[in-house]
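Hi everyone, thanks for making time.

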Amino acid sequence: MPLFSEVNQFFGVNPHLLSYFQAHGGWDSFHGNYIVKLAEFINAALPPGYFVDIEQSLQIRVSFADPDREDLVRNYRPDVAVYERTTSPTEQSFAYPGEATATLVQPIAATFDDVPENYYQAVVVYNASAPGEPTTRIELLSPSNKRGAGLHSYVDKRIATLKSNTNLVEVDFLHETLSPVIGVPRYPHDGKSQPYTITVNIPEPDYRQGRAYTYSFAVDVPVPTLQVPIGVGQTIAVDFDVVFQHTFASLSVYAMRVDYEQLPENLNRYSAADRERIRKRVELVREKSTAGLSLDDGPFVHEDEA
């Protein structure tokens, strides 16, 4: 009998669900819901003088089955952008990095291959200091934009964003494709790699001197809470885990994709350590269900971790 739960039974990202999306599609639904939940979270956390909106992403929609075909490009995907009002916000202290420890810190310029300046003359550069222009972009990376034509388009827009001195946060829950951020260890082949990453790019005073902070985390580990820059000298704490869990619970279809009587599809695409974490979690969920215990309170702590 299948074993489902409306509540995510893993800490952090649910590997069953993300494996399903990468094997069969359906990512667009989750992406859209995650962006809405993220915008709502940020809207509630913003200080006076800032507002949030959902706008066109740096990413383009490409056929999930064949992302290399240019003729299958659709339209832009909405992501979150933070704006500064024309009124001066209350000054707040600013500290790098977030409340978690970055697993990789490198110059932003090192995260992409630079090209001659004439290549960028046709790219619109956003002035983060001008009224009405974004100060921060938050992107939830999609499968079709981490490879093929979608990747090339995203990288171009990513570089343009960073060169415009706009803060860029890249959330990557897709372990089966390489990160577009150069320098991030390749999962699962690199021993230092993790399946999930959030990269906070802060191009201050400009992209060449700015820093890209990458936070990596494993399966069955909460998504970190990070200090996200929203302007010069200001940050807000964003609990990316709360956003993921609310998104998972927002539609029953996500729970229906996760059968805890089974292991995730393409299990071999996880590292040995993450495969073991998945097996332990699945076994625990089965044991609790067999014992008649409710799964509504979310994941249980392993006895050896209590």
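Let's start with helix H6, residues 272-290; helices here are DSSP runs of H or I with at least four residues, strands are E runs of at least two, and both are numbered from the N terminus. Its 19 residues should span 27 Å at 1.5 Å a residue, and because the end C-alpha atoms are 27 Å apart, the two values agree. The expected span is 1.5 Å times one less than the number of residues.

Before I go on, this is a predicted model, where local features need pLDDT of at least 70 and side-chain atom pairs count only at pLDDT 80 or more, while totals for chains, interfaces and linings use all residues. Residues are numbered from 1 along each chain as its sequence is written, and side-chain values use heavy atoms, with hydrogens and water left out.

Which residues of H6 are buried? They are Asp274, Ile278, Arg281, Val282, Leu284 and Val285. Buried means under 20% relative accessible area, exposed over 50%, and partly exposed in between, with a 1.4 Å probe and protein chains only. After H6 comes Gly292, with a positive phi near 80°.

Now the core. A nonpolar core is a set of buried Ala, Val, Leu, Ile, Met, Phe, Trp, Tyr and Cys residues joined through side-chain atoms within 4.5 Å. The largest one has 52 residues, and Leu18, Tyr34, Val171, Phe173, Ile198 and Phe240 touch the most other members. Helix H2 (residues 27-45) gives the most to this core, with six residues.

Take Val171, in strand E5 (residues 167-172). Val171 is buried, at a relative accessible area of 1%. Leaving aside neighbours within four places in sequence, its contacts include Tyr34, Leu140, Ile198 and Phe240. Val171 and Ile198 are 27 residues apart in sequence, yet their C-alpha atoms are 4.5 Å apart in space.

Finally, a second, separate core of nine residues includes Phe112, Leu141, Tyr154 and Leu168. That's my tour, so over to you!

Conventions: Contact means heavy atoms within 4.5 Å.
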